[in-house]
Amino acid sequence: MMKKDILSMFPDELKAEIKQFGQPDFRADQITDWLAKGIRSFDQMTNLSKDLIAILNDKYRLYEPEVLEKKTSIDGTVKYLWKLYDGNAVETVIMRYRYGNTVCVSSQVGCRQGCAFCASTIGGLVRNLNASEILDEVVFSQKESGLKISNIVMMGIGEPLDNFDNVVRFLRLVNDPRGINIGMRHITISTCGIIERFGDLSSLGYPVTLSLSLHAPDDETRSRLMPANRSRGIEAIMDGCIKYYEATGRRISFEYAMIRNVNDSDEQAYMLAEKAKKTYAHINLIPLNYVSERDLHPSDPATVKRFKEILESRGVNVTVRRKLGNDVDASCGQLRRRYITAEH
Ligand code: SAH
């Protein structure tokens with residue numbers, strides 16, 4: 001039988017869990033403290049009894065992610081490829097900004113969404129990550145790099161809203177004051193537009209930022225680039241964004257990867273401006289990261305500039321994101337892709 005994942009349990013669940021072995025609550029607190037310190041071996045929990053350690057080793061899985069690859073960019077971006085307990089691999093990136101370090105975490109091994117520009121989805125979805133595995137991307141990126149993490153973006157491999165329960169559990173674990181204690185306001189969840197989950201997310205009442213990977217303001221282009229659009233359509237997604245904003249008071253941001261001759265026309269800029277105004281959204285323009293498996297190219301700088309000016313002329317909030325970690329395959333899924341292709 002598969003051992004249980006103890007690190008995904010909340011402190012109260014852990015108490016209930018070890019009660020079945022006749023263990024008092026303070027033992028659960030001791031275990032929680034070790035876990036919060038980043039200890040991932042029961043044998044190292046030196047204040048527990050030998051008997052309890054034997055039970056824990058027998059019934060529960062505890063695993064320390066192993067660094068398969070680490071790359072550091074000239075701009076300071078650090079990228080990790082982690083080996084998970086079952087041999088799968090996911091990526092985590094630390095980006096360094098003036099205001100602090102942001103970690104970009106994966107939420108799934110692979111992805112089922114099939115976006116045309118994205119390397120993460122090429123082999124489809126392998127499995128969801130557990131809450132503990134997402135947590136350990138943060139814990140061990142911080143520990144291994146020695147860089148204090150202050151912000152989290154769920155913009156690595158996977159579609160977070162396709163792994164909703166584990167992602168919510170992760171949010172609570174990473175927010176726990178005993179552990180890494182990152183405030184919900186410092187966390188961004190990025191989605192290709194799984195609007196069926198927007199209500200579930202807003203009803204949690206967590207002040208996280210929701211980011212929509214929009215990438216096109218018209219259904220024809222967006223459905224071509226992003227299969228998730230085909231059954232939903234931009235209008236329904238915009239409605240979902242407005243409802244989310246009304247329920248939470250938190251502005252959504254739109255991610256927009258600029259792709260040459262695909263989504264970078266003046267007409268599309270005007271359409272995008274209209275959508276952003278209606279939803280009170282902020283726009284992040286990102287030049288596409290070229291992925292060798294895909295025949296799509298980034299817009300040239302002059303087009304990006306013009307596109308941005310059109311948006312601004314319409315009173316829209318827009319930021320052109322700096323490209324970080326270009327020299328280390330920092331675009332999501334690229335490192336894992338290379339790893340899988342080299343292996344098989
Ligand atoms: N599934 C979620 C989160 C992961 S992707 C989502 O769709 O938002 C994180 C961001 O990187 C998304 O905005 C995604 O569209 C974008 N992205 C993927 N491949 C890219 C590429 N080659 N260049 C630029 N951005 C890319």
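T191 sits opposite L212, a residue of strand β11. That pair belongs to the link between β10 and β11 (residues 209–213), two strands that run parallel and are joined by four bridges. Strands here are DSSP E runs of at least two residues, helices are H or I runs of at least four, and both are numbered from the N terminus; two strands pair if DSSP finds at least two bridges between them.

A quick word on what you're looking at: this is a predicted model, where local features need pLDDT of at least 70 and side-chain atom pairs count only at pLDDT 80 or more, while totals for chains, interfaces and linings use all residues. Residues are numbered from 1 along each chain as its sequence is written, and side-chain values use heavy atoms, with hydrogens and water left out.

Back to β10 (residues 187–191). Another partner is β9 (residues 149–154), paired with β10 in the parallel sense over three bridges. Within that pairing, I152 has I187 of β10 as its bridge partner.

Now zoom out. Ten strands make an open sheet with mixed pairing, in the order β3-β4-β5-β6-β9-β10-β11-β12-β13-β14. At the edges stand β3 (66–72) and β14 (318–320), each with a single partner strand, so one side of each has no neighbour in the sheet. On average, neighbouring strands of this sheet are turned by 20° against each other, direction ignored. Helix α9 (residues 266–279) packs on the sheet and touches β12 (253–258) and β13 (282–287), contact meaning heavy atoms within 4.5 Å. The direction of α9 makes about 165° with that of β12; axes are lines fitted to C-alpha atoms, for helices over the stretch in contact, and angles run from 0 to 180 degrees between N-to-C directions.

In the loop between β6 (100–104) and β7 (108–110) you'll find S107. At 2% relative accessibility, S107 counts as buried. Leaving out residues up to four places away in sequence, S107 touches several residues, including N128, L129, M154 and P160.

Last stop: helices α1 (residues 11–19) and α2 (residues 25–36). Their axes come within 9 Å and cross at roughly 130°. On the α1 side, P11, L14, K15, I18 and K19 meet D25, R27, A28, D29, I31 and T32 of α2.

Notes:
Buried means under 20% relative accessible area, exposed over 50%, partly exposed in between (1.4 Å probe, protein chains only).
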